[in-house]
Every structure is written in C-alpha cells, then in structure tokens.
Amino acid sequence: MASSALISDTQSWKDLRAHVEEINKTHLRDLLNHTDRCQSMMVEFDGILIDYSRQRATLDTLKKLFNLAEAAHVKEKIIRMFNGEHINSTENRPVLHVALRAPRDAVINSDGKNVVPEVWHVLDKIRDFSERVRSGSWVGATGKALKDVVAVGIGGSFLGPLFVHTALQTEAEASECARGRQLRFLANVDPIDVARNITGLNPETTLVVVVSKTFTTAETMLNARTMREWISSALGPQAVAKHMVAVSTNLKLVEQFGIDPNNAFAFWDWVGGRFSVCSAVGVLPLSLQYGFSIVEKFLKGASSVDQHFLSAPFEKNIPVLLGLLSVWNVSFLGYPARAILPYSQALEKLAPHIQQVSMESNGKGVSIDGVPLPYQTGEIDFGEPGTNGQHSFYQLIHQGRVIPCDFIGVVKSQQPIYLKDEVVNNHDELMSNFFAQPDALAYGKYQLSSQTPEQLRKENIPEHLVSHKTFSGNRPSLSILLPSLTAYNIGQLLAIYEHRVAVQGFVWGINSFDQWGVELGKSLATQVRKQLHASRKKGESVEGFNFSTKMLITRYLEASADVPSDPSTLLPNI
Ligand code: F6P
C-alpha cells in the first residue's frame, strides 16, 4: 500500500467488508460450541489470560484481520515506534513512552542518541527526592515533615497517575508503604476542586507537585497559582521553595513560575501527555506516596508488555489481537462504543484514563497524510467497575444497543473477605458476576437456538411480557483475567491498553499521537476570558460573539454582578 493510500482501498479491507455477511449468519451461542475455535482464541502472557472467544469472529476473521495488519504495515510501524522514528509526523516527534520503562541497560535511540540514560537520570533523582521527603530529611518551611502531596495537573498529567494511585491504594504492600501519607489530585479549574483538595490539609505538611508537560495549560497554571497563594499566605512566600516542585518538559517556565529548577523533574517532548504516566508525571507523585521501589515494579510490568508487543507473533500478541478486534468491531461490525468493565473497585479509574488514551488518540477525521477518511476511527469508551455497572447501564448493553465489552477480572483479591456462614467468599461473589455476564451477553436468554420466545410462552410467561423478557444475545465481549493486582500487574494492564490503541491507529492509518482537536475550544475560551475581564473591570458590553453566546455571557455577567470586581485574595473556607 502506498503511504498516502487509505487502508479502506486495500483488498484486505474489502475482504473483511464482504466477510461481515458471513458473520451476520452466525450467532455467538453457536460459535461458542466450537471448542477448537475457543481454544485458539485464548492467549496467555506473563500470567495474564485473554479470552476473546466471545467476539463475533471466526478463525477466518482472524486470518483476514492479520492480512489487514500486513496491508497497514502494523509490524513496521511498531518497529518504527520503538526505533524512535518521528512517527508523530504532525508534531515531528518520536513516540517513545516505551523508553520510560526500559531497563537501565537498554538502548533506545532517538535522533542518534540513546535516551535511556536520561530517563534513568530522572528516575534516580525521583528516587532520591522521594526518599528524602518520605524519610523526613526534606522538611517544610516550619521544619515539619511533608506527609501530604497535592498533584496539580489535568488530562494526561492527571488521569494516568490517578488510575495507578487508585489501583495501588488497597494493595497490601503499597498501602503499607503509604501509611500516614495522602496523595490528592487537583485537576479541574473549578474552584470547588481546590476547596475539596485543600480541605483537611495543613500547608506546613503539604507538598504541591505541579505537573504539566507544557507548563502553559490554563487550568493547571491557575490551580498552581492558587496553591502557591495557599502556601505563601499561610507560611510566607519563601515557603514556596520547600513546598512546591514541578514536573514538566518546559523547565524555563517552571523557573519563571518561581519553582527552584533543582526541584523540577524533566521529561521530553517524545512523551505524549496521555502516555506520560511512566515518566516523572506519574512516577514522582506515586513514589512520594508509595516509595520508588513499588513504582519500579509498576514500570517493570509495563516494560514486560512492551517487549511482548515488540516481539510476539501477531497470533499471540495481546495488544495486536485486541487492537485488531477493536478495528473489526468499529469499522466492520459498526459498533461505535466500547465498555471497559473491571470487576475490581481498585480499577475504578481505568475507564476514565483509557477514555483519554483512546479517544484523544484515535478520534481523528483525516489520515496521517491529511486525507479525509471515508470511515470512522476511534470508539466511545466508557465504563464502571462491576458489579456497580450491572445496576446502572448494563440494561442497555443486554437489550438495547450492542456494545463490545472488556471484562477485566482478577484472580486474587487485594482485600479478601471470608465470612464463616456464606456460600462463597466475597471475591467469589464478585467473580461469579464476572464469569456470568459475558455468557449472558453472548447467549441471550436461552442457550439453545431452538429455545425462542415460544419457549418462554411454554414457561407460562404472560404473553405481554414475552418480548420484554427475551434477550437476543450475540453481543460480543472479551475477558481479561489478571493473576492479581500488584504494581507489576497494573503496569501490564496499562501497557496493553496503550499499545492496543496504537495498533488501532496504525491500522486506520491515522496519527494517534497528536491532538489538534483540543485547540479550538481553548482559543475560544481565551476570547471569552478577555471579554469577562473587560466587562467586569471596565463595564464593556459583550461583543464579537454570535447571538446565543452573547446572550448567555450577558446573563452570566448580570447575574453574578455581586461578585467583587477587585477582590482581595479569596481562598475556600470549608
Ligand atoms: O488539552 C488536552 C491536553 O493537551 C492533553 O493532551 C494533555 O494531557 C493535557 O492537555 C494537559 O497538558 P499539560 O500536561 O501540558 O498541562
């Protein structure tokens, strides 16, 4: 395929299109009867078991998807990524988040330079700093140890670290290491988020970590200034040096902000924001909370999947298989969404993180060469832990729209509970649902195709309820079974999703590593900000907007006219 040609013009794409008709003649309840098929749709790596037998696919579908991967040069694209080539062409950057978790002795070149030593230089600096803070040898302005951390950042500078933190919080070894410490995340520019995050904290014992790749993101910078004010109004401006550190690629702006460059932790423009959790973005706050050795295990888990992704044949390659199946679901079966359903409360922030990883990466309208696409890319990702989701949106998934689901289960609970007189332990109860839901979706109400609504009638279901109680089944899902939920497994899970998203983008022929779509809203907000300032300070009327926006802004200004126009600093007081 020529580099500017679209994947949809290839024979492999057309073969898959034609193949949909065959698949539409099948039902999952029949496909699941073929043991050989099911057996070959299970893949295992480093303790993780993936079962994709409940996808609406046959072995022939897989063969055709591998042909598609070949036509899209997926293997070559993976190698180019690991080789540090500038595959993020619209920003002329390599995409090297895999280097962030590479072993110390690995060699990963970018622009003729091995980047691994720089990565480890920063990791060593984090290890040293976090140990000093945790041991109390680095103290705050009044000589007290810093036991609480507020990480200020948004998007990729927030969601990944929040996901990992939430997943580690109840893990035995990690929680022991975090005893007596708190890690909070301030992301939203909504002042309520400031109030919630500072409530109960004492500036004397709090360290603020400002996390921003660019150090220009409006929300983060206002929140950082707010936290700076919170510290300096309580402890004096000189306290900032002891109570604020930063993570950024823009060390010049960090210094201008007033943070000592020695207390800045760098990363590089070859790390995309949403792929940055393994850089200082995640490693610093997480090391402060749990200690570096726990975070190192997380990095090792991600690195193990990186190697698997790079070297495993596609038939056994988890991110490749999952990526291809997602393309099959979106582009050929026409399912626009995907539900991420971890049966683990510790993974409650997985879906919000993957939302950004996936939707900011693959929500594109043109090919990497700028050609408008005749097909949709990306999917709408959402999810909640089971069983909570079952009592919320699963109705739609069972009888409404067809939404391919990722069920994620864990063999050993982080926090087992056994009650003497119960039939099963609490984790078994949870996992009963994990095993039941995929089959409920696949089979529908009855397992045998002969059992149709007539069967329901035979069972004396009132006639007017027959259709309501019928489940069509044939709803695809895949199951991911993790051995446990340690820092290592959390790293593995993260890397599986990151690479899966990349595979999807490689097939669709888009640039999964830029995000131009977030810019327009930001620049319009700048215009509104100027207007709010001019109206409040100089009484200027609202101009330069369409009728509706002008009316809304005018109403907002009029209704909030009692807000002081030149307030002395106001901080939350809850
Ligand atoms: O607006 C989207 C975005 O640019 C994300 O891609 C990024 O993760 C986030 O904002 C935060 O950016 P920064 O780390 O530069 O503050």
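This is a predicted model: local features need pLDDT of at least 70, side-chain atom pairs count only at pLDDT 80 or more; totals for chains, interfaces and linings use all residues.
Q: At roughly what angle do the axes of helix α15 and helix α20 cross, and is α15 oblique or parallel to α20?
A: Helix α15 spans residues 318-332 and helix α20 spans residues 487-508. Their axes come within 8 Å and cross at roughly 50°. That angle makes α15 oblique to α20.

Q: Which residues of α20 make the contact with α15?
A: α15 passes α20 in a right-handed crossing. On the α15 side, the contact is made by residues including Ile318, Pro319, Leu322, Val327 and Ser331. On the α20 side, the contact is made by Ile496, His499, Arg500, Val503, Gln504, Val507 and Trp508.

Q: Are α5 and α20 parallel or oblique to each other?
A: Helix α5 covers residues 74-82, and its axis comes within 10 Å of the axis of α20. The two axes cross at roughly 125°, and the crossing is right-handed. The helices α5 and α20 are therefore oblique.

Q: Which residues of α20 meet α5?
A: The crossing of α5 and α20 is right-handed. From α5, the contact is made by Val74, Lys77, Ile78 and Met81. By class, the contact has 5 nonpolar, 1 polar and 1 charged residues. The residues of α20 in this contact are His499, Phe506 and Val507.

Q: How many nonpolar residues does the contact of α7 with α20 have?
A: The axes of helix α7 (residues 159-168) and α20 come within 10 Å and cross at roughly 145°, in a right-handed crossing. Phe163, Val164, Ala167 and Leu168 of α7 meet Ala487, Ile490 and Leu494 of α20. By class, this contact has no polar and no charged residues, and its nonpolar residues number 7.

Q: How far from an oxygen atom of the ligand does a polar side-chain atom of serine 212 lie?
A: For glutamine 356, a polar side-chain atom lies 3.3 Å from an oxygen atom of the ligand. For glutamate 360, the corresponding distance is 2.7 Å. For serine 212, the distance is 2.6 Å.

Notes:
Residues are numbered from 1 along each chain as its sequence is written. Side-chain values use heavy atoms; hydrogens and water are left out. Axes are lines fitted to C-alpha atoms, for helices over the stretch in contact, and angles run from 0 to 180 degrees between N-to-C directions. Helices (H or I, at least four residues) and strands (E, at least two) are DSSP runs, numbered from the N terminus. Angles under 35 degrees count as roughly parallel, over 145 as roughly antiparallel, 65 to 115 as roughly perpendicular and the rest as oblique. A crossing is left-handed if the near helix is turned anticlockwise from the far one by less than a right angle, and right-handed if clockwise. Contact means heavy atoms within 4.5 Å. A polar contact is a pair of N or O atoms within 3.5 Å; within protein, one must be able to donate a hydrogen and the other to accept it, and residues adjacent in sequence count only if both atoms are side-chain atoms. Ala, Val, Leu, Ile, Met, Phe, Trp, Tyr, Cys and Pro count as nonpolar, Asp, Glu, Lys and Arg as charged, and the others, Gly among them, as polar.
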